[in-house]
Amino acid sequence: MDFVGGAVGHRFRFGGGRGQDLPRAAGFTGGVTPTIVDATAGLGRDAFLLASLGAQVTLIERSPQVYARLQAGLAAAAVSDEPAIVEAIARMTLLHGDARELLKDLSPDVVVVDPMHPERTSTALVKKDMRILRELVGTDPDQLELMQAALACARKRVVLKWPRKGPPMPGLRKPSHQIVGKTLRYDVFMTSVAERIAP
């Protein structure tokens, strides 16, 4: 996991900041910077983006192999010669375990969930790093349980990262709203009492 070079480093240096789809979905509006749990850390890219925008981010990864790679990547980036990267890494806390259990002891504003998406029906190859991640992690048959745990934990909202044209996750209530990009969409589920009862 390289947080300094490659696509991640480029996104860090030249990305759209708070105007990108994920920060918007997570509630980076005005001067608000929410506390976040990335319940499916994976490659750590989304968590790094959110941390680079000032958020305190807790990453949860249950695969021992992926956790070890993330740990190594974070350690390497923590000694980067770019102060902004070092500061972003300092806002990231990595936990190993099952998010369904760990979320019970956390109280973030926002939980981001990016489960393994349904297999593509097209013949286009998924990017190499995502193929490797899928091989390490496998599928997420308990993704609905994870979403339910996230909805019970998040103080303000849960963000589900999903294929743009993917069908709704079976058994999950409709999102409060969506932010739709070119290939992905972010289903946003508001959880605060005030927002749930608002007309």
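Val111 has Val158, in β5, as its bridge partner. That bridge belongs to the pairing of strand β4 (residues 110–113) with strand β5 (residues 157–163), which run in the parallel sense over four bridges; two strands count as paired if DSSP finds at least two bridges between them, and strands are DSSP runs (E, at least two residues), while helices are runs of H or I with at least four, numbered from the N terminus.

The model is predicted, with local features needing pLDDT of at least 70 and side-chain atom pairs counting only at pLDDT 80 or more, whereas totals for chains, interfaces and linings use all residues. Residues are numbered from 1 along each chain as its sequence is written, and side-chain values use heavy atoms, leaving out hydrogens and water.

The open sheet has seven strands in the order β3-β2-β1-β4-β5-β7-β6, with mixed pairing. Because β3 (92–96) and β6 (177–180) each have a single partner strand, they stand at the edges, and one side of each is left without a neighbour in the sheet.

A nonpolar core is a set of buried Ala, Val, Leu, Ile, Met, Phe, Trp, Tyr and Cys residues joined through side-chain atoms within 4.5 Å, where buried means under 20% relative accessible area (1.4 Å probe, protein chains only).

| Core | Size | Residues, among them |
|---|---|---|
| Largest | 32 residues | Ile36, Val57, Ile89 and Met92 |
| Second, separate | 20 residues | Ile60, Val111, Ala154 and Leu172 |

The four residues named for the largest core touch the most other members.

Definitions and conventions: Buried < 20%, exposed > 50% of the residue type's maximum accessible area, 1.4 Å probe, protein only.
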